[in-house]
Amino acid sequence: MQYHRITSITDPLFADMHRLMQEVFPPEEVLEFDLWKEPLEDPGIRVFVAVLDGKVVGTTEYRYYEDFNVAMTDFTIIGKPGLGIGRYLWKQRQEDLHALAAASGKELSGMFAEIYDPYRDLEHEFGGVKPMDPFVRREVLSHLGYKRLDFPYVHPSWNNDGEAVSGLDLCFMPADYEQEELSAALIVQFLERYYSVLDHKPQQWLDMTADLKHKETVALLPI
């Protein structure tokens, strides 16, 4: 298996990756093909695919914020079961992120992720790929050390239509598993940076971030 970085929509493997995303994720979670041009060219956004026999069988996108010393896992897709794709992507991503932090003279303090909550009547089947089942993914991410940030979470739709997307929790995997809370200011700064690319923010999201600005910390709870 190869770990290949995609930096252009003209990369032949990008079409395979985008098609895989459309098969697995709900429409509001997938950026249009042409709108990927700038994100892929952004050196801070790291998009990789797992390639087996010339075909994309998995993909992950993530980023490292040097000034915050945290990472964000945008998504991970496992295209087929029984190939060890999830473990492979996780290992490659961790090595890359720790190298990025070390290059800044730091040790990575943790990683954000938006994690589906299947207990909220989530009906999407994620392409019928069982490793992508939200119950499975949530449990795996819990084992890896992710914890749920204790506030009601919504995010702006990637359709950039001003709609709020619910059904997910904002979670954080601290480097120190015993850590029980996270700075609210860090959360707000991260969210405002992360969603700065979208012009149309739903009022629910604006209210959520405004409420966080009145807090000092947010509890980290089990998922």
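## Ground rules

The model is predicted, so local features need pLDDT of at least 70 and side-chain atom pairs count only at pLDDT 80 or more, while totals for chains, interfaces and linings use all residues. Residues are numbered from 1 along each chain as its sequence is written, and side-chain values use heavy atoms, with hydrogens and water left out.

## Overall fold

The chain has six helices and 11 strands. Helices (H or I, at least four residues) and strands (E, at least two) are DSSP runs, numbered from the N terminus. The radius of gyration is 17 Å, close to the 17 Å that the globule rule gives for 223 residues, so the chain is as compact as a globular protein of that length. Here the radius is taken over C-alpha atoms, and the rule is 2.2 Å times the number of residues to the power 0.38. Along its principal axes, the C-alpha trace spans about 50 × 40 × 35 Å.

Of the 223 residues, 50% count as buried; buried means under 20% relative accessible area, exposed over 50%, and partly exposed in between (1.4 Å probe, protein chains only). The chain exposes about 11200 Å², and carbon and sulfur atoms supply 50% of that area. Accessible areas come from the Shrake-Rupley method with a 1.4 Å probe; for residues, only the protein chains shown count as cover. Among contacts (heavy atoms within 4.5 Å) between residues at least 6 apart in sequence, 68% join residues at least 24 apart.

## Aromatic pairs

You will find 18 aromatic pairs here. Rings of Phe, Tyr and Trp (its six-membered ring) pair if their centres lie within 6.5 Å; planes under 30 degrees apart count as stacked, over 60 as edge-to-face and the rest as tilted. One of the pairs is Tyr3 with Tyr88, edge-to-face at 6.2 Å centre to centre and 80° between the planes. Tyr3 sits in strand E1 (residues 2–5) and Tyr88 in helix H3 (residues 85–103), so this pair ties together parts 85 residues apart in sequence. Tyr88 is buried, at a relative accessible area of 19%.

Tyr195 and Trp205 have ring centres 6.2 Å apart and planes at 75°, so they too are edge-to-face. Tyr195 lies in the loop between helix H5 (184–194) and helix H6 (203–212), and Trp205 in helix H6, so the pair ties together parts 10 residues apart in sequence. Both Tyr195 and Trp205 are buried. They belong to one aromatic cluster, whose members also include Tyr65, Phe68, Phe112 and Trp158.

## Charges over rings

Two lysines deserve a look. A charge sits over a ring if NZ of Lys or CZ of Arg is within 6 Å of the ring centre and within 35 degrees of the ring normal. Lys147 lies over the face of Tyr177, at 4.3 Å from the ring centre, and Lys201 lies over the face of Trp205, at 5.7 Å.

## Two buried threonines

Thr60 belongs to strand E3 (residues 55–65) and is buried, at 0% relative accessibility. Its side chain reaches the backbone oxygen of Phe75 at 3.0 Å. Not counting residues up to four places away in sequence, Thr60 touches several residues, including Tyr3, Phe75, Leu89 and Arg93.

Thr209, in helix H6, is buried at 4% relative accessibility. Leaving aside neighbours within four places in sequence, Thr209 is in contact with Val188 and Leu191, which are among the buried residues of H5.

Terms used: Polar contact = N/O pair within 3.5 Å; in protein donor to acceptor, adjacent residues only side chain to side chain.
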